[in-house]
Amino acid sequence: MDELNNLMHGFSVAMTLPNLGFMVLGVTLGILIGVLPGLGGANGIAILLPLTFSMDQTSAIIMLSCIYWGALFGGAITSILFNIPGEPWSVATTFDGYPMAQQGRAGAALTAAFTSSFVGAFFAVLLITFLAPLVARFALKFGAAEMFAVQMLTFCSFVGMSKEPPAKTLAVMALGFALAAVGMDTVTGTLRMTYGVTELLKGFDFLIAVIGLFGIGEILLTMEEGLAFKGKSAKIQLDVVLKTWAELLRYWKTSIRSVLVGCWMGVTPGGATPASFMAYGLARRGAKDKDSFGKGNIEGVVAPETAAHAAGTSALLPMLTLGIPGSPTAAVLLGGLLIWGLQPGPLLFTEKPDFVWGLIASMYLGNIVGLIIVLTTVPWWAAILRIPFSVIGPIIIVICAIGAYTVHSSIFDVVMMLVFGVFGYLFKKLRYPLAPLVLALVLGDMAESSFRQSMLLSQGSLDIFWANPLVGGLMALSFVMLLWPIVPVLKHQLRRRT
Amino acid sequence: MIEFKNWAARALVSAVAAIGLTGAAHAWEPTKPVEFVVPAGTGGGADQMARFIQGIVAKNKLMEQPLVVVNKSGGAGAEGFLEVKGAKGNPHKIIITLSNLFTTPLATGVPFNWRDLTPGAMLALDQFVLWVNADAPYKTAKEYIDDIKAKPASTFKMAGTGSKQEDQIITAMIDKATGKKIIYVPFKGGGDVAVQLVGGHVNSTVNNPIEAEAHWRGGKLRPLCIMDTEKLNYTDKVTDTQSWADIPTCKSAGVPIEYLMLRGIFLAPGVTQEQVDFYVNLFKKVRETPEWADFMKKGAFKQTFMSGKEFADWVGKTEAMHYGLMKDAGFLAK
């Protein structure tokens, strides 16, 4: 039980009064960063990183990692209240979180999101505490083929989810892949579909598309319904937290499954965004009442939030043990480690135990501090919905524009956001599902690179996807997922014949 | 009289000094925050260096105005270069470069050349090392190269950062030296590349020292040779037995490959000499800090500093070299 001793030592490092102060400060800043769409944890930490150079190393990393937790918590707020995902991994939260808010259950949705986030992060920290060296070795097994298998699994667990006709789903997914292909192609190093336009060099950023499609599209729809919109009658109940908790206990299976998905995707490093989509897809498949998903099912909030947080937290593990960042935010933190003269890698745990265990202890404490802060603010967040649309609408548009601008500091992106907004509106009017487009846009690029890297490694042979039990197992699981929706149909057909 | 002369001389000296001082006080200084463009993503080598400089400048108060790092990585850095190119006469925008200063316009045909910018200073040169997995049987570069020569083409796999950029150029040079084709597999960042080698998914990499150092120290990777004319001079032990200075040059191992990557600063076109001088001085001060010395040691950088014409000439020569190498490898934009 060396880990326990080390952890206790870590708590003694993290529990000092200034460090607790930095934790509260970090979490609060993080929540604000998470609420502003586009700013994001990675940008926020990058901006604040230089401020920490004159601080003590351990305090600095504690504060920065607390910003990270805060941003993870904060991302859910705008997704639920306004259908604007503050962070890419909150997209799946909008599917059921926003309908819940529309039905006047914003408080319950927020509580579910925050609590699930905490559960996900907590289990991921346990994993880091006790299994770090073991898990690090598992992450090394992931080459290009294994990465592709994971992405394939994400797609397959999500496919067949939409209630819209398959042709429409395929059409928007293809559009998503096409948009993802714009810009530099990593494998050949040439530009694709930029047509000499400088602004297109960087491709279509997922965040800008999401802010436009969801946020602006939603505002256009609301405007069409009429500006007389008076705001939701979100009743502010102070006991909403306790009531929701009682309800959440029923979804322990979904929570466990989402924790597993999240930890695994964070370590491999698939990332929090695919994890949230995969967990949502699995939750819907596992549920008895599939049709209630997308209409305000609380389970649809629990699954993606748990997975996103588990992934976001366990993404720090490969960073600490191997020096590979599992997420963009982790990448910026990695830069911070190097600047403080800490070399992440297999030896960090033995060379700088104070630092590593202080950080791990701060993960426990930071999450508890974060949970307390966000839960106490639930009624206030829910109360925002009572503000009439004519007041809050323009504010949302401004926040969206700032968010889109912050991603790359480019005005072109703000214009693109508006264009995506119009498309979002049209798609909703024409009943095209948006989720497959977003999924294709966020994963298309990664899946393509992994596939082509595998093809280079195998010299064009598809056998590489069955070359070892790990990749073979993942691929087999993908196909099971893909064909799962057909099983009931086939059963039905068989029964009819007999 | 002697005393008087002495007094006069002193007065003259102090007057000159005073003029010098007031001259310095009136020299150009940034009047608003300076945007420090990184033509690469967050977390990479250039980004780390830029953020490190930002930290040194802020901590030691080397500049009144803040230095703000902005990543413009689109189109293999073309986005960042085009932005600075377009900021004609704007002294509040500087850019840190890596080899994509040459490779991106050559490989993609994006209308941009280093001559469109104002050269500032060279900060350091980044080394390239040939790495293999510590479990591989090769103890020296010669053993590895001999094995490549002995086996059929496309047997060996090399992971590297990006496509038609420095890592692939070096791979093409190794192809030429061995006469056998090595499969090159591009990944997004240097950290990913090192992990692919640790995981045994490829046979070798040409990671920069800072990208692979931790794995070397952890006993997972083995450096075979360094792609420079001379060995490094960092003699502190990295592992129990070896230091950076113990890695032989590739040339001595029979692979005549030399390649160094520029870490330099450029300004927007049309800025004044006074403005260039301000930044050259700023980076001289950065280089004098103990933090910078530590950073150089950690990343085993070659600490060459150049500015003015010397720097511009060096960049011109290096561009010509890249043109030649990329032409040989067939990487030029059609």
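A residue is taken as buried if 20 or more other C-beta atoms lie within 10 Å of its own, as exposed if 12 or fewer do, and as partly exposed in between, with C-beta atoms placed from the backbone. By this rule B:Thr318, with 18 C-beta neighbours inside 10 Å, counts as partly exposed. The structure is a predicted model, in which local features need pLDDT of at least 70 and side-chain atom pairs count only at pLDDT 80 or more, while totals for chains, interfaces and linings use all residues. Residues are numbered from 1 along each chain as its sequence is written, and chains are lettered from A and ligands numbered from 1 in the order in which they are written.

In chain B, the secondary structure comprises eleven helices and eleven strands, where helices (H or I, at least four residues) and strands (E, at least two) are DSSP runs numbered from the N terminus. The C-alpha atoms of chain B occupy a box of roughly 85 × 45 × 30 Å along the principal axes, and buried residues account for 51% of its 334 residues. Two residues are said to be in contact if their C-beta atoms, placed from the backbone, lie within 7 Å; among the contacts of chain B between residues at least 6 apart in sequence, 76% join residues at least 24 apart.

Helix α11 of chain B, residues 308-329, contains B:Thr318. Beyond its neighbours within four places in sequence, B:Thr318 is in contact with B:Phe102 and B:Leu262, and its C-alpha atom is separated by 9.5 Å from that of B:Met261, although these two residues are 57 residues apart along the chain. Helix α11 of chain B also holds B:Ala312, which counts as partly exposed because it has 15 C-beta neighbours inside 10 Å. B:Ala312 and B:Gly299 are 13 residues apart in sequence, and their C-alpha atoms are 25 Å apart in space.

Angles under 35 degrees count as roughly parallel, over 145 as roughly antiparallel, 65 to 115 as roughly perpendicular and the rest as oblique. A crossing is left-handed if the near helix is turned anticlockwise from the far one by less than a right angle, and right-handed if clockwise.

Helices α7 (residues 144-158) and α21 (residues 469-483) of chain A pack at an angle of about 15° with their axes 8 Å apart, and are therefore roughly parallel to each other; their crossing is left-handed. Among the residues making this contact are A:Ala149 and A:Leu153 of α7(A) and A:Leu474 and A:Met481 of α21(A). By class, the contact has 13 nonpolar, two polar and one charged residues, where Ala, Val, Leu, Ile, Met, Phe, Trp, Tyr, Cys and Pro count as nonpolar, Asp, Glu, Lys and Arg as charged, and the others, Gly among them, as polar.

For α4(A) and helix α6 (residues 106-140) of chain A, the packing angle is about 155° and the axes are 10 Å apart, so the two helices are roughly antiparallel, and their crossing is right-handed. The contact includes A:Trp69, A:Phe73 and A:Ile80 of α4(A), together with A:Ala109, A:Leu110 and A:Phe114 of α6(A), and by class it has 13 nonpolar, one polar and no charged residues.

A:Ile80 is also one of the residues with the most contacts inside the largest nonpolar core, which has 262 residues, the others being A:Ala109, A:Leu110, A:Ile208 and A:Leu441. Such a core is a set of buried Ala, Val, Leu, Ile, Met, Phe, Trp, Tyr and Cys residues joined through C-beta atoms within 7 Å. Not counting residues up to four places away in sequence, A:Ile80 touches residues including A:Thr93, A:Tyr98 and A:Ala113.

Most residues other than glycine have a negative phi. A:Asn83, although not a glycine, has a positive phi of about 70°; this residue lies in the loop between α4 (57-82) and α5 (91-102) of chain A and is buried, with 24 other C-beta atoms within 10 Å. A:Tyr195, likewise not a glycine, has a positive phi of about 50° and is placed in the loop between β2 (191-192) and α9 (206-225) of chain A, where it counts as exposed, with 8 C-beta neighbours inside 10 Å.

Definitions and conventions
Axes fitted to C-alpha atoms, helices over the stretch in contact; angles between N-to-C directions.
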